[in-house]
Amino acid sequence: MAVIRDVIPAFELFQPTSVDDALSLQARHGAKAWVLAGGLDSFDWFKDRIKRPEVVIDLSQVRELRGIRADANGLEIGAMTTLTEVLRHPVVREKYGILPDAAEAAASPQIRNQGTIGGNVSQDARCWYYRGGWPCYRAGGNICYADTPTGLNREHAILDANRCVAVNPSDTAPALIALDAKFVVRGPKGERVVNAEDYFIGPSIDITRMTILKPGDLLTSIRIPSTWAGSQFYFEKARDRKVWDFALVNVAAAVVTSGSAIERIRLVVNGVAAHPVRLTAVEAAVQGKPRNEETAKMAGELAIQGAEPLQYNGFKVPLMRNLVMRAIRGAAA
Amino acid sequence: MAENELADPRTSDSNTISRRDVIKSVIAAGAVSSTSYLFRVSKVWGQASAPGAVDRLITLNVNGQDRRVDVMKQETLVMTLRYKLGLTGTKIGCDQAECGACTVLIDDVPYYSCSVFTHTVRDKKIQTIEGLAKPDGTLHPVQQGVIDQQGFQCAFCMSGFVMATVGYLKTNPNPTRTELAHGISGNLCRCQDYDKILTAMMRGAEHLRKA
């Protein structure tokens, strides 16, 4: 039975109606402020009383952060656009089909109705030691509880771990990287636009953050160029249950072929490291090759080079290899 | 610092306002939350004129009625519905967006009311299971479907399932069984009665199309 934890500890709530107001509130309250988008990452922290912010800045009333604008150059998706809005949008479905596939794979219908694309890419790690309030590296401590001989790490990283072995849980992130999306971030020093793959950071850069966002920063929108519009897409998410569960491993690929050969490709996996992993070596290796079994096999083996499984997540290595193979083979195979 | 005593008004006995009064009255509950608010976050008190500052006393449109209610900043919608407005048809199952028992419609879209701050839905139309039947008692077609097919065993999850189905049918009034199963996959039934539930919901959809 659920533990009803009574009410969430009190905080001051602000509901700004513009990005400027949100940023000025963030600037005033600094690290004491918690920025709330859809809320589905935040509520667990609050109810478990592990994060107790003094100030919550709720973005739900900021209209300029919502909606999808499509033009010849591509798409601009407001950070507060819900996953359901993204996956139902006709232009997104027609030209950028990998994004609705990824959004539809996330969580449950109700969560997709509420959860935002900005929140989905900015969500925190789901390692249960960390979420349970253990004083681990990611929480500012000096131990990783998952990476011990008895640590339960079935869902954890096989690549690029550095002290912390948590993984990025997002489904839309790999799809957005495959589409070569740009993330628009506003902060105290103005606006900057970063490549999707550079938005996510691993523990080597900052062990307490999953993204480049620092206190005072706000992800305002995601721009998708038309470069990969209408290309061949592949998205697949492996997970324990069909609903709610985060990916054990997911894969996203955008492929343009000329004749039978792969002309250009972007290939990304998530659920294997603290950030989505773009497989640039595999991309280079399969370029000019046909989408067949031989290429898929080579790509799969290359993808898992350097993988270092923990005690209980060895299965992720062949899982990642097989998902990459399926992505290279494509939907037809 | 009185923070620990006052941070949690529902369990605090040390308050000057008696606990009995608090429980009895919505207004008193608001008074306590206002005290806790003063003590807990005193550092930002006095900035009420800041952009986006929030009033505790709000109007919620629930089941077609405007209801004045005093809402704590950190209060979830299911708490407001059940314990301030007395709408206990909405259930709390997991309280962490993983079971669907608390599903309500907000502007016709299904949400987990355990994971929505009440303050974020001030300007929206909220519908709960209590708002489905007509004033004369005629059941909503989906509710009738549940009765026709004896859709549930213990039925704790029922109001959530019914609300999720009513919401889903607004986007797809004529679903296949598979589509409906996907559409209401955000709800759990611990009796594992999914087959019967789906049959009932399909019957409800049929009733709704004829209505």
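User: In this predicted model, what distance separates the centres of domain 1 and domain 2 of chain A?

Analyst: The centres, taken over C-alpha atoms, are 26 Å apart. Domain 1 of chain A covers 12-61, and domain 2 covers 70-123 + 167-329.

User: How do you know that residues of domain 1 of chain A are in contact with residues of domain 2 of chain A?

Analyst: Two residues count as in contact if their C-beta atoms, placed from the backbone, lie within 7 Å. On that criterion, 14 residues of domain 1 of chain A touch 15 residues of domain 2 of chain A.

User: Which helix gives the largest share of the domain 1 side of chain A, and how do its residues divide by class?

Analyst: Helix H1 (residues 19-29) of chain A gives the largest share, five residues. The domain 1 side as a whole divides into nine nonpolar, four polar and one charged.

User: What is the handedness of the crossing, and which residues make the contact?

Analyst: H6(B) passes H8(B) in a right-handed crossing. H6(B) contributes B:Phe161, B:Thr165 and B:Leu169, while H8(B) contributes B:Ile197, B:Met201, B:Gly204, B:Ala205 and B:Leu208.

User: How many residues of each class does this contact of H6(B) with H8(B) have?

Analyst: The contact has six nonpolar, two polar and no charged residues. Gly counts as polar, and B:Gly204 is one of the contact residues.

Notes: Residues are numbered from 1 along each chain as its sequence is written. Chains are lettered from A and ligands numbered from 1 in the order in which they are written. This is a predicted model: local features need pLDDT of at least 70, side-chain atom pairs count only at pLDDT 80 or more; totals for chains, interfaces and linings use all residues. A crossing is left-handed if the near helix is turned anticlockwise from the far one by less than a right angle, and right-handed if clockwise. Helices (H or I, at least four residues) and strands (E, at least two) are DSSP runs, numbered from the N terminus. Domain bounds come from an automatic or database domain assignment.
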